[in-house]
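I open the notebook with a plain plan.

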Amino acid sequence: MAGCQTTKRNHIESFELLNHDGRMNVNRLIFLGVLCSVFVAASTRALAELKLASVFSDNMVLQRDRQVPLWGAADSGVTVEATIGNRRATAVADANGHWMVTFDAMPVNATPRTLKVTTGTSQVSLTNVLVGDVWLCSGQSNMQMTLQEASDGKEFAKRHGNSPLIRLLIVPKQFTEQLQTAQDAKWSTCTPDAAAKFSAVGFTFAALLAQTTKLDGVPIGVIDSSFGGTAIEGWLPHEDLARFDAKDIRNSLFGGPSQHYNAMIAPLVPLAIKGVLWYQGESNADHPASYSAYLSTMIESWRKRFNDPQLPFIIIQLPALNAKFGDFFFTWVREAEAKVAASQSNVGLVVTYDTNDGSDLHPKEKIPVGEQAAQVARKLVYGEDLVTVGPIFKSQSIEGLKVHLTFETGGDGLSTRDRSELVSGFMLAGADGIYRFAEGTINGDDSVTVTCESVSAPKTVRFAWAGVPDANLTNKSGLPAVPFRTDDLPPVDNSFVKVPTTRAVKTARYEIDISGQGSITSFGIHDQQFVSNDFGVDGGSCIPTFFGPRSLNQVTEVAPTELSFCDIEVSLGYTFDVNSIQLTLLNGGKDELTFQIALDRQVDVADGATLELTRGAAKLSAAGFDKVEKLPNGKSYLKAKIPAGESHIMKLEAGQ
């Protein structure tokens, strides 16, 4: 993660920031943020050097078919002239040296050209500039995940990375209290290596759009401005957060309210863009009731700042996850996302709960998500006649024990993913509001009848209302039905969480439990526990990452005494015998990683070539670890570092 940047405050005395009634003048604040785009002046003196805003560089794409603002800094009072092709625009730098010109709308141009900006004494030239569509991709870790980390991502990058008409810009991950005017990154041409390091969802989206007939020959620029662990409050300008109650505003894992907007969006404003992909909500899942208001406000705010009141937004719903954030499952945020998409014009929705198994907060199945986002854009933005979303609940009627539901299917009809005659994923409740699982049957093209023997007088229904929905209703194109409920109960979730299968091995010498993600969760010798049961990276064994333990959720039972857990880069094998366990870790990634075991505080460790662990009369030898790390709080960790591209063997052996 890039470090936090701070800058000196702009001198803004020359701007009237208050209306006559004392309220903040948003338009003038926007003007301030826009025109101070390439530097922060320490005073109002004129600048001696002609500059362009940092978002403009060689290899970039300018937005077609709409006015294109271009801004920067120069000597106060000088005339600035910008030209590209047959387009010419001029402006005079103001007293602070700020200038902005606006090109008239330009058609598509896939031939690299030079954009020139000149004064009487200075010139700046940008080369290899194209004119096409520019998309902004933002959100948190599931947008941030790179293509090389995604399932089949490296192969996708090889197949689609040689795309000279796709251009990429990655905004550095920062958060600041002060509104920033620049970001330290440049546009790059697309290569397989550049694609692999870009947002998996963002690049897949662009690559698949580029293959469509309507966009054949149209350059596509993609901006990745995402930051893992961020709450939506971090992406809203300060003045827009003022409408919310301060007690409901949360900080992000890194950074506070407005700080990601300040550092990662403000330097882009008011760039002409085609639309926005938004993939976020995990960090707001513990307080979902306010999410729809935040998201609606953000859409309104960004549209205003990018000078496009109908700027398209494509909202990507949260994936399946077999865990709670606070007291809530992701389903409550999914509901908020769907409500915003349904209530706002020019907003599309991507449903994703069917793309992964729910065992990972950061599922690797990103290519299907980017593919579906491209489908939504093809209809919403480019006007293709496509069905891009699954069945959407329309109405219900009750007839005794039966609840009849109708759906909007876009003319595509209803089906089930597994071609079953029974439709799963429904729950019914009576007047008591207690939900029970129910069965559904499809009646015609747009209707489902739902019944539950234990609910004699049904009142309300829910569908796909779980962290990992066991729901099979789709349209005939295979797109999943959008989760919904007909009650108006406040967010609460006290239902059970399905836990991934645990493998247990018991011999005469030891007992060990291994989670569905490949982590040792229990290791006992003579009823003495050797590993910590603390949460996250502080318990059991794991490969620590920036966001918590790495999930190796692809499980293979190799033999009765062998297990293998892996993801696309790392594999961890367990081989068991009566006395010991051998762990073989293969690091197929490009970076060194650490494997660690967090020990129970009652375990004593004696250093040596082989680490000797004791708890009471029980003993355990550990070989293949680089060191034992002992913390002041009494915790100890066995740690082994595995370089990129290498394998490493560790061994745990129960003592006599």
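I started with strand S4, residues 79–84, which has a covered face made of Val80, Ala82 and Ile84. Its uncovered face holds Thr79, Glu81 and Thr83. I note that this is a predicted model.

I then looked up the partners of S4. Strand S5, residues 87–92, runs antiparallel to S4 and is joined to it by six bridges. Across that pairing, Ile84 stands opposite Arg87 in S5. The hairpin of S4 and S5 has two residues between the strands, and Gly85 takes a positive phi near 55° there.

Strand S7, residues 109–118, also runs antiparallel to S4, with three bridges between them. I checked Ala82 and found its bridge partner in S7 to be Val117.

**Cores**

Ala82 and Val117 came up again when I listed the contacts of Leu70. With neighbours within four places in sequence left aside, Leu70 is in contact with Leu52, Phe56, Ala82, Trp99, Met100, Val101, Phe103, Leu115 and Val117.

Leu70 belongs to the largest nonpolar core, which has 97 residues. The residues with the most contacts inside that core are Phe56, Leu62, Leu70, Trp99, Trp302, Phe306 and Phe426.

**Aromatic pairs**

How many aromatic pairs does the structure hold? I found 19. I wrote up two of them.

Trp135 and Phe205 form an edge-to-face pair, 5.0 Å centre to centre with 75° between the planes. Trp135 lies in strand S8, residues 123–139, and Phe205 in helix H5, residues 200–210, so the pair ties together parts that are 70 residues apart in sequence.

Phe227 and Phe254 form a stacked pair, 6.4 Å centre to centre with 25° between the planes. This pair links distant parts of the chain, 27 residues apart. Phe227 is in the loop between strand S11 (220–226) and helix H6 (238–241). Phe254 is in the loop between H6 and helix H7 (259–265). I compared their accessibility. Phe227 is buried, with a relative accessible area of 1%, whereas Phe254 is partly exposed, at 23%.

I also noted one aromatic cluster, formed by Phe393, Phe407, Phe426, Phe463 and Phe484. Phe426 is also on my list of residues with the most contacts inside the largest nonpolar core.

**Helix H9**

Next I took helix H9, residues 331–343. Its 13 residues reach 18 Å from the first C-alpha to the last, close to the 18 Å expected at 1.5 Å a residue. Ten of the 13 residues are buried, so H9 is largely enclosed by the rest of the structure.

Which residues of H9 are buried? I listed Thr331, Trp332, Val333, Arg334, Glu335, Ala336, Glu337, Ala338, Val340 and Ala341. The cover over them includes helix H8 (291–305) and the strands S13 (313–316), S14 (347–350), S21 (460–463) and S23 (484–485).

**The eight-stranded sheet**

I moved on to an open sheet of eight strands, paired antiparallel in the order S31-S32-S33-S34-S41-S38-S37-S36. Strand S31 (554–559) and strand S36 (604–606) stand at the edges with a single partner strand each, so one side of each is left without a neighbour in the sheet. The twist averages 20° from one strand to the next.

Inside the sheet, I looked at S38 (residues 618–623) and S41 (residues 647–654), which run antiparallel and are joined by four bridges. Leu620 stands opposite Ala654 in S41.

Leu652 lies in strand S41 as well. Its relative accessibility is 4%, so it counts as buried. I listed what Leu652 touches, not counting residues up to four places away in sequence: Ile520, Phe523, Asn579, Ser580, Ile581, Leu583, Ile597, Leu620, Ser621, Ala622 and Phe625. Last, I checked Leu652 against Lys154: they are 498 residues apart in sequence and 35 Å apart in space, C-alpha to C-alpha.

Notes:
Residues are numbered from 1 along each chain as its sequence is written. This is a predicted model: local features need pLDDT of at least 70, side-chain atom pairs count only at pLDDT 80 or more; totals for chains, interfaces and linings use all residues. Side-chain values use heavy atoms; hydrogens and water are left out. The expected span of a helix is 1.5 Å times one less than its number of residues. Buried means under 20% relative accessible area, exposed over 50%, partly exposed in between (1.4 Å probe, protein chains only). Contact means heavy atoms within 4.5 Å. Two strands pair if DSSP finds at least two bridges between them. Axes are lines fitted to C-alpha atoms, for helices over the stretch in contact, and angles run from 0 to 180 degrees between N-to-C directions. A nonpolar core is a set of buried Ala, Val, Leu, Ile, Met, Phe, Trp, Tyr and Cys residues joined through side-chain atoms within 4.5 Å. Rings of Phe, Tyr and Trp (its six-membered ring) pair if their centres lie within 6.5 Å; planes under 30 degrees apart count as stacked, over 60 as edge-to-face and the rest as tilted.
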